[in-house]
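Have your viewer ready and follow along.

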Amino acid sequence: MSVVHLQNVEIINSKARFSDPYIFKVTFECIQPLDDDIEWKLIYVGSAESEEYDQELDSCMVGPVPVGVNSFEFEAEAPSPEKIPASDLLGVTVILLTASYRDAEFIRVGYYVNNAYESEEMRENPPEVVQLDKVCREVLASKPRVTRFNINWSDPSQPAIKPPEEAPDAKAAPAEVSDTVETTPKPSVSAESAPDVGSAFVPLQS
C-alpha cells in the first residue's frame, strides 16, 4: 500500500512562451510520517528518438512530510534549446513529473506539450531556422498519464511485490479537506554550486 497519494497537480501556466518557466501546484496526502524527504523532478523529453536528449529541468527535496494533506508550488526553468535537436524544437513532446522516496520512484505524471508558432502565418510558412522567441507552448493539462510504482516504503531498495499501476486518463480531484499542511521545499542544488540556476521551487504564500 502506498504511503503517499497524489491528489492533484495544477499547472499554473499551461499556455506560455517556450522560454517561460513551468509552474505547478502539487497536492498529495501522506498517511504516515516519513523519515526522509520526497524528491520531485521535472523532466523534458527532447526527442522521441533517444533518451540522450532528456533534460532534468529541476529537482527538489520536500520534507519533512507530516501526516495529512500537503501542498507546494514547483517552478522549473524552460529546457535549454541547444540541447534539443532542431527538428524536435517544434511539435509535440512530453514532460514528466516524478516523485521518489530514497531513490525509488513511486509516481510519474506525464503530459503532452505542443510547441508551435503564435501566428498562423508562421505556422503555415515556418522559417528555415526556428525562432523560439515567437514560439508558444501548450501543456495538455487535462489529459495526464499517471503511473504508480509499488515500492517498499520501509526499505525502497527491496524489489516491489506488485507491478506498476497505470491509469492512462487519471486526474485526481483536489483534496476536499479543511486542513492543508504546506511543506517547505529544499532545493537539491544550492546557489553556490549552481549560480546560473534560479530558484526551482516557491513555497506557497499564506
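Predicted model: local features only at pLDDT ≥ 70, side-chain atom pairs only at ≥ 80, totals over all residues.

A residue counts as buried when its relative accessible area is under 20%, as exposed when that value is over 50%, and as partly exposed in between.

**Aromatic rings**

- The rings of F106 and W153 have centres 4.8 Å apart and planes at 55°, so this pair is classed as tilted.
- F106 belongs to strand β8 (residues 104-117), while W153 sits in the loop between β10 (145-148) and β11 (165-167), so the pair ties together parts 47 residues apart in sequence.
- F28 and F72 make an edge-to-face pair, with 6.3 Å from centre to centre and 75° between the planes.
- That pair links distant parts of the chain, with F28 in strand β3 (residues 22-30) and F72 in strand β6 (residues 68-76), 44 residues apart.
- Both F28 and F72 are buried.
- One aromatic cluster is formed by F24, F74 and Y111.
- Y22 has a charged neighbour: the charged end of R137 sits over the Y22 ring, 3.7 Å from its centre.

**A nonpolar surface patch**

- V92, Y112 and L140 form a nonpolar patch on the surface, and together they have about 290 Å² of accessible area.

**Salt bridges**

- R17 and E118 form a salt bridge whose closest N and O atoms are 2.9 Å apart.
- The two residues link distant parts of the chain: R17 is in strand β2 (residues 15-17) and E118 in the loop between β8 and α1 (120-124), 101 residues apart.
- R17 is partly exposed at 36% relative accessible area, and E118 is partly exposed at 43%.
- K41 pairs with E56 in a salt bridge, the closest N and O atoms being 3.8 Å apart.
- Here strand β4 (residues 38-45) supplies K41 and strand β5 (residues 55-62) supplies E56, 15 residues apart.
- K41 is partly exposed at 24% relative accessibility, and E56 is partly exposed at 46%.
- D133 and K134 meet through their side chains in a salt bridge of 3.6 Å, N to O.
- D133 is exposed, at 54%, whereas K134 is partly exposed, at 32%.
- D35, D36 and R102 are linked in a network of salt bridges.

Note on methods:
Residues numbered from 1 in each chain as written. Heavy atoms only, no water. Phe/Tyr/Trp six-rings, centres within 6.5 Å; stacked < 30°, edge-to-face > 60°. Helix = DSSP H or I, 4+ residues; strand = E, 2+ residues; numbered from the N terminus. Buried < 20%, exposed > 50% of the residue type's maximum accessible area, 1.4 Å probe, protein only. Lys NZ or Arg CZ within 6 Å of the ring centre and 35° of its normal. Patch = residues over 30% accessible without salt bridge, like charges linked within 9 Å, V, L, I, M, F, W, Y side chains within 5 Å. Areas by Shrake-Rupley, 256 points an atom, 1.4 Å probe, with all protein chains shown as cover. Salt bridge = Lys/Arg side-chain N within 4 Å of Asp/Glu carboxyl O.
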